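Please keep the sequence and the structure in view while reading.

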Amino acid sequence: MPTPSNPLKAVRGTRDLLPPETALWNRVESIARSVFSRYGFGEIRTPIFEDTSLFARGVGEETDIVSKEMYTWEDRERFNEKSLIDAWLEGMGNTVAPIDRDVSIAGKRFDLIVRYISGEIEIIEFKHKREASLTVHVNQLKQLISDYAIASGTMAEIVGRVVFPSRKATSSKELISASPRIEVEEIVGSFFHSSQQLTLRPENTAGVVRAYIEHNLGDSGQLQKLFYIGPQFRRERPMRGRYRQFWQIGAEVLGPTTSGSESPLRDAEVLEMLATLLDELGIKGWRLELNSVGSAEDRKRYVAILRDALAPIKHQLCEDNQRRAETNPLRILDSKEPNDQALIDALPRIADYLDESSRDHFAQVCAALDACGVPYVVNPRLVRGLDYYTRTTFEFTVPSSGDSASGLGTQNALLGGGRYDGLSEMLGGPRAPGIGFAIGEDRLILTLQAQAEANKSGAPHLDSETWETKLDAYIAPLGPERNAAALALARELRRAGLTIEVGDGSFRLKKSFEAADRVARHIVILGEDELASGILTVKTFTTGEQTKITQADLAQSLRA
Ligand code: HAM
């Protein structure tokens, strides 16, 4: 139980983002939105949770993310109405007339199934919701039967019949059978769906491609350029720059092949946009690492070769890499285990096993980057930890290991991405090659803060002053009797578009000055004289200047 000495805390690996830091987050996001819009991207917002199989199929069963880092749960059982109807129909033999759903009779709408048999109406209602609403339902059903009898003028026998899946029937039977014109029919069987497995999204590419397929975005024939900003969830060991709930700013470019989605131009454009975005954010010393993992066939061929090369040496690798050698040998290539580096460097390189079209595609990406003047380094070991990648893969890093300017410790990948030409088909969609990336926003912010700290004098645009904006004014009422007038003045100024804080008349003047200096550029003193004369005393903190200003000129003067 929480106690005052042991209160509840945010869950391990999650954290609260508070002002003024959130102002920096907003600033970063608004710069990202501005860059995305200049490159023709529109925003997509997909659900935070999805069917687990989306990630299993998209990201890959053998990846670390899917095999051990997902937050997955069984959703509650759901009633399967269709299976109950089927069981009931079977019991009726083939004497059943057409069935209507969601029927409106005598002005009331019910989720009913109505069966007409030679002038006799049977109303069959499937009761499967909460038992608590049963009395109401039975009364409505009785009313419905009598309304219908009157409206139709029929003297025929009308029977309302309630069919239960047996597990709900027992407690309700009595109530229903007390109503003469309603019969109860119990059907034995299993009418509850085995529950659905859901997962908090560990990444957003699979969700975006699912949405692309679901909404037939490819039918327009146009290239889809979509960006997103939102939380993702992975159960990783928390450390600086690594959280269990973290934010990504990402974008995806995909479409039918005829839209040019496969073109190396798209890869280069995405990378050039990222370089522009990082520059506009003021990130210093970023480094673009680039590789090609080839087509799905290239990868298959290369993995076989890698397995052969690993067979005689794998016992010398660390435990983790020995496991990867069995499950997902590609992952060994981006292992950071220091003792394994020499062995890994000597393994065959994927670049030597690419077919001609993949090689040509990669060469064109590099040439376009050269033409734009975007610097990059080819890193033949960059394969990335998600299964959907084909051809171009990349990461942007900032200097790490002991260099405090990254702020990330060992988590030096600021963002990662690549091409995924087969993902849509893996998810049951049409062919829709694509490329995208996701920036770790938490890491981006840490880097900005660390770089601002390290370059206090040299990089004014990174200085917190630019994102921790001060309010226009702080109104200091002198004495509690002036509080109401202070609030009224604040209302007037705020409605004129100024940012205002109001103090409290019980504060001593010294305390008001200190509070005002922390949050605002000016302090406005509101005492008895000021109220009587309509002339206010305003002090500007940066200059120390104190002036008298009429209330009519105040907004204008504070704005200046
Ligand atoms: P990813 O490399 O798994 O790729 O993640 C992208 C970025 O998210 C990483 O570079 C890192 O900055 C950040 N990140 C990942 N895990 C954490 C964590 N636990 N805490 C903080 N930051 C983290 C993807 O997610 C792909 N969906 C990217 C992509 C988009 N590929 C194609 N399109």
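A residue counts as near a molecule if one of its heavy atoms lies within 4 Å of it. The model under discussion is predicted. The shell around the ligand holds 27 residues, of which Glu203, Glu236, Tyr243, Glu252 and Tyr389 come nearest.

The side chain of Glu203 places an N or O atom 2.6 Å from a nitrogen atom of the ligand. For Thr205, the corresponding distance, again from an N or O atom of the side chain to a nitrogen atom of the ligand, is 2.9 Å. At Ala413 the backbone takes part: one of its polar atoms is 3.0 Å from an oxygen atom of the ligand. On its own, the ligand has 660 Å² of accessible area, and the protein covers 96% of that area.

Which strands each supply at least two residues of the shell around the ligand? They are S14 (245–254), S18 (413–419) and S19 (434–440). The largest share, six residues, comes from S18. By residue class, the shell comprises 12 nonpolar, eight polar and seven charged residues.

Attention now turns to another pair of strands. Strand S23, residues 535–540, and strand S24, residues 546–550, run antiparallel and are joined by five bridges.

Technical notes. Residues numbered from 1 in each chain as written. Predicted model: local features only at pLDDT ≥ 70, side-chain atom pairs only at ≥ 80, totals over all residues. Heavy atoms only, no water. Polar contact = N/O pair within 3.5 Å; in protein donor to acceptor, adjacent residues only side chain to side chain. Areas by Shrake-Rupley, 256 points an atom, 1.4 Å probe, with all protein chains shown as cover. Helix = DSSP H or I, 4+ residues; strand = E, 2+ residues; numbered from the N terminus. Nonpolar A, V, L, I, M, F, W, Y, C, P; charged D, E, K, R; others polar. Pairing = 2+ DSSP bridges.
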